[in-house]
Amino acid sequence: MSIEDLDITPEELIAELDQHTGDEESTDSLILPSEVLPGGLPIIPLRPRPAFPGIIIPLAVQGEDKVAAVQKAAETPAKALGLIMALDPDEDDSPGNLHHVGVAASILKIIHADEDSAHVVVNAQERFSVKDIYETPEGMFASVHYHFAPEYSDNEELRAFSMAIISTLKELVQINPLYSEEIKMFLNRSSLDDPGRLADFAANLTSADGDVLQDILETFDVRRRIDKVLVLLKKELEVSRLQTKITKQIEEKISKQQREFFLREQLKAIKQELGLEKEGKTAEIEKFQKRLKKLTLNEEAQKAVDEEIDKLQLIEPSSAEYTVSRNYLDWLTILPWGKYSKDSFRIERSRRILDRDHYGLEDVKDRILEFIAVGKMKGDISGSIICLVGPPGVGKTSIGHSIADALGRSFFRFSLGGMRDEAEIKGHRRTYIGAMPGKFIQAMKSAGTSNPVLMLDEIDKIGASFQGDPASALLEVLDPEQNGTFRDHYLDVPFDLSNVLFICTANQLDTIPGPLLDRMEVIRLSGYILREKVEIAKRYLIPKQLDAHGLKKGQVRIPKNTLEMIIDGYAREAGVRGLENRIKQIMRKAAMKFSSEELEVLSIAKADLKDYLGNPMFTADEVFKPAPGIVTGLAWTSMGGATLQIEATAMPSKGKGFKQTGQLGKVMVESSEIAYSYVMAHLNKYGADSNYFDSHFVHLHVPAGATPKDGPSAGVTIITALISMMTGQSVIDKLGMTGEISLTGVVLPIGGVKEKAIAARRTGLTTLIFPEANRKDFDELPDHLKEGLDVHFAKNYDDVYRVAFDKPLPRRRKSKQQEK
């Protein structure tokens, strides 16, 4: 209820309170309460508050006995009931669960009554104390003693207390107009000259607990009762003020939100009327149609877009299908259909860009320039798939960037390493929640053109699982005959990928499926020699790390001889990633020195490297050490070229035997068995006793036993180690060899000539033996790589023997059987 619902305003009510306060006359009663209230009363328990004299109360009476007591009381002349508050509201009604002070009330009206319940309106009149209470089948009855209020009209002190109560009531009405109706009803029935009645009314007006109100009811002394009521009113006033403050804050907040909401709605309506803004769905459709004007879709894609737009117009925005349809149209219209960047086929510009970004790799640069030249002659380079193969850190990814820059195309890279789900390539079907297109369609969206350079990193590390084989899904993407109509599962319309230049990177080709490898043009990046690494460090790595560590150009100086020692002792890998990490380590320690010491320039000498990088990881002595039975071979790994030592030793034994260790692969074990058989068949030819193996057990070992090794190219090295072991002769110093051997002693060609030559230079080998069939591969190597190497080419093992032991074949020794 609010003040507007009443016939009297708060101001009028306050004026009426003032008028009653100034009234000196009291109301005459026709009948005294003492003359009508009986000494015995039916008792009705109250919960959770007591009743006060002078208050009209509606009651809901439950239970047959209580309804019967009410009806019986209504039939008496006084129509009186006794109202007493229960001690424990949760317990059942009983004489022991009632307070000893209550209020006598007369029944004004029974609104509704049946056997179990009744709704009664009563007028509370006087306090009473219970003298005796008893329970009957018809309910509880009590004999009572009444406490009639005396006349206090001439008591000025109580009148002053009454004025204090009235003043507080005025404040309550101003704060909360809901009190005005109850005050108005009280004024119509009572006089403000009765301080006891006023105190009872004020106490009943508060929201205090039942126990507190019962205490006031049991306070028969009017002076003490008024004191307690004034305290209650002050508390009620504070609660009302706090409630009003909270309500005001909430209303202000709600009003502000409602105001902003209405203003936004009005602004939205105004914009729609002026044509400045469209309704949500209309705006979405217009956005899609605006995009379509700039695109050239194929017939099937255009048909799918038109159908989806018509469908979107019929769907309510609150529908789940609306979001699916809107996202599908968003993908269809955001792809670069028919958008192409103009290719640049200027050879000299491309050469400058490649030289700017990379040092060395001349053969790779020439191959890329040839590729661009072919595109210039054709007018496009569509349908091209390049695979850059090489060890980590040689610049495969950065070369992809340079190719895109040289052609003037946009560039996008994503990694295939560890990918095990076919949906990553071809997308998810739209029936799934959270469905998205595959990586290639996402790449086309990011690139913004239909002819970007897409780099597929780590294609040799792609996986397979129960969710599909991504490598097989790549067959369509990387096939120039098929990718012109590539169909992603999400889009379900053909998209042209034939103008994309795909550049793949891999560390090795062994793990790439044959049909996929067949679609690529392989360009090998073998790695860098010491001279190239020094130049790369000076031109790229040191300036980059100076900037990354907040140091100025020239503030840290690393001379050439120091760089050479870093490369030779700490970073012998094929790439430059390890070298860059060592330079980072030096820069961090340099930054520490500049922070703690007053230095302008810091020069790193060779003698300082131990303080900056610790002890060297590699030394010249551990690379090779010529001795009988020990020969250095050249190997190829996915990390680039490497050297490995073959060790052979023989132990006297009653029978022959051959054992291999060093975690050799199946192919290498077979190669060692071929070498063992060849040597056993040609003992006399190489100056050994023909019965040597009958009385010796041979053990062949390849150090670094924790590293798996495999391949056939160690055949000539194993034969040489066995001959060196039998004859007790060491091979020449700084010798490295490679070549597959047959049972007849023919040296067969191997792969990785460049990587093996780089590994030989890196470790200080100067005399190399390669198969004759690899002469053409070695001749193609750059001159700076071949410089200083004494290279020999062998057709059969006899050629290897002459070089390794630096002498001709020994004269054949006659066997004992031949002598006989």
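**View 1. Phe440 and the side chains around it.** In this predicted model, Phe440 is in contact (heavy atoms within 4.5 Å) with Phe414, Ile425, Leu454, Leu456, Leu474, Val477 and Phe502, leaving aside residues up to four places away in sequence. Local features need pLDDT of at least 70, and side-chain atom pairs count only at pLDDT 80 or more, while totals for chains, interfaces and linings use all residues. Residues are numbered from 1 along each chain as its sequence is written, and side-chain values use heavy atoms, with hydrogens and water left out.

**View 2. The largest nonpolar core.** Phe440 turns up again here, along with Trp337, Leu416, Ile459, Leu478, Phe502 and Met520: of the 53 residues in this core, these touch the most other members. A nonpolar core is a set of buried Ala, Val, Leu, Ile, Met, Phe, Trp, Tyr and Cys residues joined through side-chain atoms within 4.5 Å; buried means under 20% relative accessible area (1.4 Å probe, protein chains only). A second, separate core has 52 residues, including Ile353, Ala404, Leu541 and Ile558.

**View 3. An aromatic pair, Tyr686 and Tyr797.** The whole structure holds 19 aromatic pairs (ring centres within 6.5 Å). Tyr686 and Tyr797 make an edge-to-face one (planes over 60 degrees apart), at 5.6 Å centre to centre and 85 degrees between the planes. Both tyrosines, Tyr686 and Tyr797, are buried.

**View 4. Charges over rings.** Arg430 lies over the face of Tyr328, 3.8 Å from the ring centre. Lys445 puts its charged end over the ring of Trp331, 4.6 Å from the centre. The cut-offs are NZ of Lys or CZ of Arg within 6 Å of the ring centre and within 35 degrees of the ring normal.

Terms used:
Buried < 20%, exposed > 50% of the residue type's maximum accessible area, 1.4 Å probe, protein only. Phe/Tyr/Trp six-rings, centres within 6.5 Å; stacked < 30°, edge-to-face > 60°.
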